Number of protein chains: 2
Amino acid sequence: MRDGSKTKELIARTALQLFVEKGITATTIRDIASTAGIAEGTLYRHFDSKDQLAWELFSTNYLAFARELDRLQEEYDTLRDKLAAMVRQFCAFFDRDPVLFSYLLLAQHGQLKKVTPEMETAVTVLQKVIARGIARGEAPEMEVELAAAMVLGVVLEVAVFKAYGRITQDLSALRESLVAACWRVLDGAGAP
Amino acid sequence: MRDGSKTKELIARTALQLFVEKGITATTIRDIASTAGIAEGTLYRHFDSKDQLAWELFSTNYLAFARELDRLQEEYDTLRDKLAAMVRQFCAFFDRDPVLFSYLLLAQHGQLKKVTPEMETAVTVLQKVIARGIARGEAPEMEVELAAAMVLGVVLEVAVFKAYGRITQDLSALRESLVAACWRVLDGAGAP
DNA sequence: AATAAATGAGTGAACGCTCACAATTAAATT
DNA sequence: AATTTAATTGTGAGCGTTCACTCATTTATT
């Protein structure tokens, strides 16, 4: 028997890149097949449909990243350290695999609607960490959702600028600036 | 002669809503026509093609918003006041027309690639204001692109949270928190 | 020889867009 | 004031194309 796992991986990477470049709907099966150098029928040996391919690509990695983040924050004690570690993780993730990062966290496609509320995501982990930090008095009283949005925004928009070439450095080179900015956002909040 | 301007406006609003909801590619001419309650052919009386419709919707409003922002910042003297006014403008814009705001600033479609570098956009205005503020010593030395990205991120990600229902208040109700957070991002930056 | 992987022409459905025609209305003519 | 004209808007069946997906067949590996 033959081993098709290499082919599956090739299809997955090719699809990921095209999904990010052109969007899922605008990417055709023929696009993926011809770019990957395989026949259309081959794709269906490994994935049920285009939608299923897009969802598998999303859900697997989206949840894995959330788990990674959660495991990471547990290694630290204070809100400040947890936050710093998480921000650094975002930077490292972007630099290691910008295409996957964009697919999961920057592209605005319909996959998020399929995420049920009980799933742990990067957002829920961030909110949890911030909520506990506030409860322990490590940051001023404030709305957790607002705080999470602002912190996430600092990191993600810088990633967007990087993806568009408006910033040329690696995110990791900017990580301490990002960590400091995120902390400033949290630390000064709450006071009127 | 008849007046088709009402119909054109109806088509534009309907298309805008569907583009934001499902994405441009996934929105079909039949979708737009049936939702607006007009015939497919009517759409082509007012717009050359789907692409042209999407671009007209984008470019007109995108540039208008940038001009509005620029006019607004000119009314203030300090970086802090200019920034505050701009952030408040983002909030007011989102609350007044969340669908248009999402189309212009949150949705990740290909329209941005058609924006030439010499066009003045919300991003370039923000960068200009920050650059001048730093030059006048109103904020510490720092990379303008990074600063703009972080400030923009604070505002846009909160808008994303609002659009997804994770935040329920109007953005205008949060605007002073956003103004303060953006200022903290800028004011503390630069120092190692 | 047996089994699974890879192929690509073929399928019906859906796409963007066209065009001959119908409906509407302001202006021109009675 | 009533009627005709002319120009523009609105219509929807139909066009060629492309889409996601299938399946009988071939190719490769054990």
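For the opening stop, a residue counts as near a strand if its C-beta atom, placed from the backbone, lies within 6 Å of it. Keep in mind that this is a predicted model.

**Stop one: DNA strand D.** Select DNA strand D and the 21 residues around it. Which of them come nearest? They are A:Thr28, A:Gly41, B:Gly4, B:Thr7 and B:Gly41. Now colour the helices: α2 (29-36), α3 (40-46) and α4 (50-74) of chain A each supply at least two residues of this surface, and so does α3 (40-46) of chain B. The largest share, 4 residues, comes from α3(B). Colour by class and you'll find 8 charged, 7 polar and 6 nonpolar residues near DNA strand D.

**Stop two: where the chains meet.** Next, select the contact between the chains, which takes 27 residues from chain A and 27 residues from chain B. On the side of chain B that touches chain A, look for α8 (144-163) and α9 (175-187), the elements that give two or more residues. Of these, α8(B) brings the largest share, 11 residues. By class, this side of chain B has 17 nonpolar, 6 polar and 4 charged residues.

**Stop three: the axis.** Why do the copies meet through the same surface? Because 100% of the interface residues of chain B are also interface residues in chain A.

Conventions. Residues numbered from 1 in each chain as written. Chains lettered and ligands numbered in written order. Predicted model: local features only at pLDDT ≥ 70, side-chain atom pairs only at ≥ 80, totals over all residues. Contact = placed C-beta atoms within 7 Å. Nonpolar A, V, L, I, M, F, W, Y, C, P; charged D, E, K, R; others polar.
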